[in-house]
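This report goes through a single chain by topic. Please keep the sequence and the coordinates at hand while reading.

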Amino acid sequence: PKTPKPLDVIILFDKEMNSAKAFDKKQLSPLEESVRGIVGAHYDMCLSNCGMKKEEMGSMQACKERCYSNIMVKYKMVAHQSRDAEENLFRQCLAEKYPNVQQTDYSLCTMNVYSQRVEMLMNHYANTAENLLDEIH
């Protein structure tokens with residue numbers, strides 16, 4: 001099966017946002033895979049650039065550590081932050097509807113939580129793609 005592009009995930013997400021049912025969390029998986037893929041490509045290219053530099057081993061190690069700090073650590077932080085706040089955001093959303101919480105409020109709150117996660121992942125994807133293109137040119 002072919003992996004959907006990030007834009008396909010956003011289109012699916014938009015369709016979900018306009019429905020009355022809760023967001024299907026499985027739809028985030030292709031987006032997360034796409035972000036992981038582009039981050040991996042950026043990291044591999046950075047390591048490759050380190051290998052092309054004709055420097056002594058100490059500098060090579062420092063270059064690889066910079067790649068990890070600048071690319072992988074940032075990705076792991078965004079991935080963690082995008083998941084970390086879900087439960088609190090959901091509870092906060094429902095609390096705002098209290099005392100008249102209705103069934104549709106659960107779906108809307110779910111959508112709000114995941115829309116923030118999608119936004120964070122898409123922003124990171126775009127930033128990584130931009131950085132990757134900058135390094136290529």
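## Tyrosine 68 and the aromatic pairs

Tyrosine 68 has a relative accessibility of 37%, so it counts as partly exposed. The model is a predicted one. Tyrosine 68 belongs to helix α3, which covers residues 57-84. Together with Val73 and Met77, Tyr68 makes a nonpolar surface patch of about 260 Å².

How many aromatic pairs are there? The count is two. In one of them, the ring centres of tyrosine 43 and tyrosine 68 are 6.2 Å apart and the ring planes stand at 75°; the pair is therefore edge-to-face, as an angle over 60 degrees is required for that class. Because tyrosine 43 sits in helix α2 and tyrosine 68 in helix α3, this pair ties together parts that are 25 residues apart in sequence.

The rings of phenylalanine 90 and tyrosine 106 have centres 6.5 Å apart and planes at 40°, so this pair is classed as tilted. Phenylalanine 90 is in helix α4 (residues 86-97) and tyrosine 106 in helix α5, so the pair ties together parts 16 residues apart in sequence. Phenylalanine 90 is partly exposed, because its relative accessibility is 25%. Tyrosine 106, at 38% relative accessibility, is likewise partly exposed.

## Overall layout

The chain has five helices and zero strands. Read from the N terminus, the order of elements is α-α-α-α-α. The chain is 137 residues long, and 34% of them count as buried.

Contacts between residues at least 6 apart in sequence can be split by separation: 72% of them join residues at least 24 apart.

In soluble globular proteins, nonpolar side chains tend to be buried together. Here the largest nonpolar core consists of 22 residues, and Leu31, Val35, Val39 and Ile71 have the most contacts inside it. Helices α2 (28-52), α3 and α5 each supply at least two residues of this core. Which helix gives the largest share? That is α2, with nine residues.

Ile71, one of the residues with the most contacts inside the core, touches Val39, His42, Tyr43 and Cys46 when residues up to four places away in sequence are not counted. Among these partners, Tyr43 is also the ring partner of tyrosine 68 in the edge-to-face pair.

## Two residues of helix α5

Threonine 128 is found in helix α5, which spans residues 103-136. Is threonine 128 buried or exposed? Its relative accessible area is 5%, and the limit for burial is under 20%, so threonine 128 is buried. Setting aside residues up to four places away in sequence, threonine 128 touches Ile38, Val39 and His42. Val39 and His42 are also among the residues that Ile71 touches.

Methionine 120 is in helix α5 as well. With a relative accessible area of 29%, methionine 120 is partly exposed. Beyond its neighbours within four places in sequence, methionine 120 is in contact with Val78, Gln81 and Ser82. Methionine 120 and glutamine 81 are 39 residues apart in sequence, while their C-alpha atoms are 8.6 Å apart in space.

## Salt bridge

Side chains of opposite charge can pair when their charged atoms come close. The chain has one salt bridge by the rule applied. Glutamate 32 forms it with arginine 117, and the closest N and O atoms are 2.3 Å apart. Since glutamate 32 lies in helix α2 and arginine 117 in helix α5, the pair ties together parts that are 85 residues apart in sequence. Both glutamate 32 and arginine 117 are buried.

## Cis peptide bond

Most residues other than glycine have a negative phi, and most peptide bonds are trans. The bond joining tyrosine 98 and proline 99 is cis, with omega at about 10°. Where is proline 99 placed? Proline 99 is in the loop between α4 and α5.

Terms used:
Residues are numbered from 1 along each chain as its sequence is written. This is a predicted model: local features need pLDDT of at least 70, side-chain atom pairs count only at pLDDT 80 or more; totals for chains, interfaces and linings use all residues. Side-chain values use heavy atoms; hydrogens and water are left out. Helices (H or I, at least four residues) and strands (E, at least two) are DSSP runs, numbered from the N terminus. Buried means under 20% relative accessible area, exposed over 50%, partly exposed in between (1.4 Å probe, protein chains only). Contact means heavy atoms within 4.5 Å. Patches are made of residues with over 30% relative accessible area and no salt bridge: like charges are joined within 9 Å, nonpolar side chains (Val, Leu, Ile, Met, Phe, Trp, Tyr) within 5 Å. Accessible areas come from the Shrake-Rupley method with a 1.4 Å probe; for residues, only the protein chains shown count as cover. A salt bridge is a side-chain nitrogen of Lys or Arg within 4 Å of a carboxyl oxygen of Asp or Glu. A nonpolar core is a set of buried Ala, Val, Leu, Ile, Met, Phe, Trp, Tyr and Cys residues joined through side-chain atoms within 4.5 Å. Rings of Phe, Tyr and Trp (its six-membered ring) pair if their centres lie within 6.5 Å; planes under 30 degrees apart count as stacked, over 60 as edge-to-face and the rest as tilted.
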